[in-house]
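Subject: Two-chain structure, handover and notes

Hello,

Here is the structure you were going to take over. My notes on it follow below the entry.

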Amino acid sequence: MAWAESIVSVLKKYNVRFLNYVPDTKIEKILAAARDLGGFEALPLTREEEGIGIVCGQSLGGGRGVMLCPTAGLGNSINAVAALAIAYRIPCPIIIGVRGDLGEFNPAQVPMGQATQDILDALRIPSYRITREDETEKMTEGALRICYASEGPVAILVTNELAGWKEGRTKK
Amino acid sequence: MIDRSEASKYLVGKLKDELVVTSLGNEKYDLRSSGDRDRNFYNWNAMGMASSLGLGLAMARPELKVIVYDGDGSLLMNLGALATIAMREPKNLIHIVWDNRSYAITGGQPTATAFRTDLGAMAKGAGYPKVERVETLAAFQSAADRALIEPGPWFIHCLMKDKPVKGGGLPSPTAIKHRFMDAIGARH
């Protein structure tokens, strides 16, 4: 199974229904796999912080949702993660399409991409970097298990090692 | 201009199984002193997030009406939520904005609504199907009565007096969460 299909099948196994997202190319692969599998509701957002509030609202209602966004979007969402998901102990899985790392072409993606792990660590958010297709299912499942067990945010990082880097117009 | 504690007491007196979520501003204290309920979710410090929490709840629990107690400052921080809510169109959402034209909880600094910004017009522009602007208690009561019965999403823009809020002090975040979720039989 390709990595995006693996992620989506684990989401379904854990009864995740809501895919709240700000798109990027990796996230689109997950959304496409979800459309193929069916049974999800995808909600496009204006900003990632909104998505954290929405996932937390879904969780408080007894539903399960995830936030899907690129690394830059994590920066847009941090106080909501801290003040809702951490302070109230609300499960909030965040699936992050990594930018600003291996093979990046866009110089302005690099600062957030390189800071992402430190930001997650500073907030003690458990995070799991998926780098290989054959570990995707186990890593995703393990991340969801700790998320619902600990009742807090968890980050799943979809890396360039796994999903490839974005081709783009390099500097000249 | 509306006295929020009076208006809030009226609304809370009408509630049965509805859920109420607040912004981090003073509206959370007025909600609590209007009548503390297990189905109230008080927001300690998630800036701007009341409307998004309300949307998430409305999606997860379509059988329940969800009321958002938002403020002008809080909504101005999360204006994109207007577009997202209008796009998703949750029929069970009632978005109340208590507009006192100031950041009252931090000392009364003016917000943009003290100048030219009209949040009701922005909600209309975002695509909310039901938008009411109310400036008196009677108008609030009539809008709230309709919103509790008719499908939304509703946006009730309340022009309110800026006056000191009594109360203060909340249970811990996790106590608020567990009480709220137990009341609606929700499990993570």
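Predicted model: local features only at pLDDT ≥ 70, side-chain atom pairs only at ≥ 80, totals over all residues.

A:N15 is not a glycine, yet its phi is positive, at about 60°. Most residues other than glycine have a negative phi, and most peptide bonds are trans. B:P153 belongs to the loop between α7 (137-149) and β8 (154-159) of chain B.

Next, the interface. Chain B puts 34 residues in contact with 30 residues of chain A. About 2500 Å² is buried between the two chains, and carbon and sulfur atoms give 66% of that area. Of the area that chain B buries against chain A, 24% is supplied by B:M49, B:M59 and B:H188, which is more than any other three residues supply.

Helix α3 (residues 48-60) of chain A and helix α3 (residues 50-60) of chain B have axes that come within 6 Å and cross at roughly 40°. With that angle, α3(A) is oblique to α3(B). The crossing of α3(A) and α3(B) is right-handed. By class, the contact of α3(A) with α3(B) has eight nonpolar residues, five polar and one charged.

Salt bridges come next. Side chains of opposite charge can pair when their charged atoms come close. Over all chains the structure holds 24 salt bridges, and the count between chain B and chain A is two. A:E41 and B:R88 meet through their side chains in a salt bridge, at 2.5 Å from N to O. That pair crosses between chains, from A:E41 in strand β2 (residues 41-44) of chain A to B:R88 in helix α5 of chain B. B:K177 and A:E151 also meet in a salt bridge between their side chains, at 2.9 Å from N to O.

What does helix α5 of chain B pack against? Helix α5 (residues 80-88) of chain B packs with helix α6 (residues 119-126) of chain B at an angle of about 45°, and their axes are 8 Å apart. This angle makes α5(B) oblique to α6(B). The crossing of α5(B) and α6(B) is right-handed. B:L82, B:A83 and B:A86 from α5(B) meet B:M122, B:A123 and B:A126 from α6(B). The contact of α5(B) with α6(B) has six nonpolar residues, no polar and no charged.

The last item is a helix pair within chain A. Helix α4 (residues 71-86) and helix α5 (residues 110-122) of chain A have axes that come within 8 Å and cross at roughly 45°. That makes α4(A) oblique to α5(A). The crossing of α4(A) and α5(A) is left-handed. From α4(A), the contact is made by A:T71, A:A72, A:L74, A:G75 and A:I78. From α5(A), the contact is made by A:M112, A:G113, A:T116, A:I119 and A:L120. The residues of the contact of α4(A) with α5(A) divide into six nonpolar, four polar and no charged.

Regards

Definitions and conventions. Residues numbered from 1 in each chain as written. Chains lettered and ligands numbered in written order. Heavy atoms only, no water. Axes fitted to C-alpha atoms, helices over the stretch in contact; angles between N-to-C directions. Helix = DSSP H or I, 4+ residues; strand = E, 2+ residues; numbered from the N terminus. Parallel < 35°, antiparallel > 145°, perpendicular 65-115°, else oblique. Left-handed = near helix turned anticlockwise from the far one by under 90°. Contact = heavy atoms within 4.5 Å. Nonpolar A, V, L, I, M, F, W, Y, C, P; charged D, E, K, R; others polar. Buried area = accessible area lost by both parts, 1.4 Å probe. Salt bridge = Lys/Arg side-chain N within 4 Å of Asp/Glu carboxyl O.
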